[in-house]
Amino acid sequence: MVRSQSRRALALAPALVVAAVVFGVACGPPTIDVGTPFSIVATEPAHGAVDVGVDVLPRVSFNRAVTVSTAETGIQLVVAGADLERTITAQDNGKTIELVPRHALPRNTDVTLEVASTVEASDGIALETKVDATFHTSP
């Protein structure tokens, strides 16, 4: 009985090979999913926001968890070309970075939240480009 099953399997082998080749040609080569690029999904305040309170705690939300050490060096608040003193905290399992300015933001001023392309996800993948979001504080 085992011998007859083996013969049947051998008889079907060429047909299976042909089917696999035809299927591969018809469907194309297999694709490899390399995942979604590491990116920013939101900034708070949003780029272009006006009348933002001077006590705001700006935030950057990412699609994956961030390596906090790269966020510490790669995310800045900038006024008139100068970095403001701030600390950062990670929230939402590392997917959101909140910036805590040492002092209230200056009134009636453009503030730019700069995120360098050196900021990395926890898997070591860096942002593809630098991102700036500028908002204006209230008078």
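Colleague: Let's start with one residue. Leaving aside its neighbours within four places in sequence, which residues is Thr109 in contact with?
Modeller: Thr109 is in contact with Val79, Phe135, His136 and Thr137. Contact means heavy atoms within 4.5 Å.

Colleague: Hold on, what sort of model is this?
Modeller: A predicted one: local features need pLDDT of at least 70, side-chain atom pairs count only at pLDDT 80 or more, and totals for chains, interfaces and linings use all residues. Residues are numbered from 1 along each chain as its sequence is written, and side-chain values use heavy atoms, with hydrogens and water left out.

Colleague: Back to Thr109, then. Where is the place of Thr109?
Modeller: In the loop between S6 and S7. Strands (E, at least two residues) and helices (H or I, at least four) are DSSP runs, numbered from the N terminus.

Colleague: Is Thr109 buried or exposed?
Modeller: Thr109 is buried, at a relative accessible area of 18%. Buried means under 20%, exposed over 50%, partly exposed in between, with a 1.4 Å probe and protein chains only.

Colleague: And what does the side chain of Thr109 reach?
Modeller: The backbone oxygen of Arg107, at 2.7 Å.

Colleague: Zooming out. How many helices and strands are in the chain?
Modeller: Two helices and eight strands. From the N terminus on, the order is α-β-β-α-β-β-β-β-β-β. Of the 139 residues, 28% are buried.

Colleague: Which strands form the open sheet?
Modeller: Four of them, in the order S1-S2-S6-S5, with antiparallel pairing. Two strands pair if DSSP finds at least two bridges between them.

Colleague: Which strands stand at the edges?
Modeller: S1 (40–44) and S5 (86–91). Each has a single partner strand, so one side of each is left without a neighbour in the sheet. From one strand to the next, the twist averages 15 degrees.

Colleague: How many bridges join S5 to S6?
Modeller: Six, and the two strands run antiparallel. Ile88 has Leu99 as its bridge partner in S6.

Colleague: What does S3 pair with?
Modeller: S3 pairs with S7 in the antiparallel sense, over four bridges. Leu77 has Leu113 as its bridge partner in S7. S3 also pairs with S4 (residues 82–83), antiparallel over two bridges. There, Val78 has Asp83 as its bridge partner.

Colleague: What sits in the hairpin of S3 and S4?
Modeller: Two residues lie between the strands, and Ala80 takes a positive phi near 50 degrees.

Colleague: Last topic, the core. How many residues has the largest nonpolar core?
Modeller: It has 22 residues. Such a core is a set of buried Ala, Val, Leu, Ile, Met, Phe, Trp, Tyr and Cys residues joined through side-chain atoms within 4.5 Å. Phe62, Ile75, Ile97 and Val119 have the most contacts inside this core.

Colleague: Which elements give two or more residues to this core?
Modeller: S2 (59–62), S3 (75–79), S6 (96–101), S7 (110–115) and S8 (131–136).

Colleague: And what does Ile97 touch?
Modeller: Not counting residues up to four places away in sequence, Ile97 touches residues including Pro58, Phe62, Ile75 and Ile88.

Methods: Axes fitted to C-alpha atoms, helices over the stretch in contact; angles between N-to-C directions. Polar contact = N/O pair within 3.5 Å; in protein donor to acceptor, adjacent residues only side chain to side chain.
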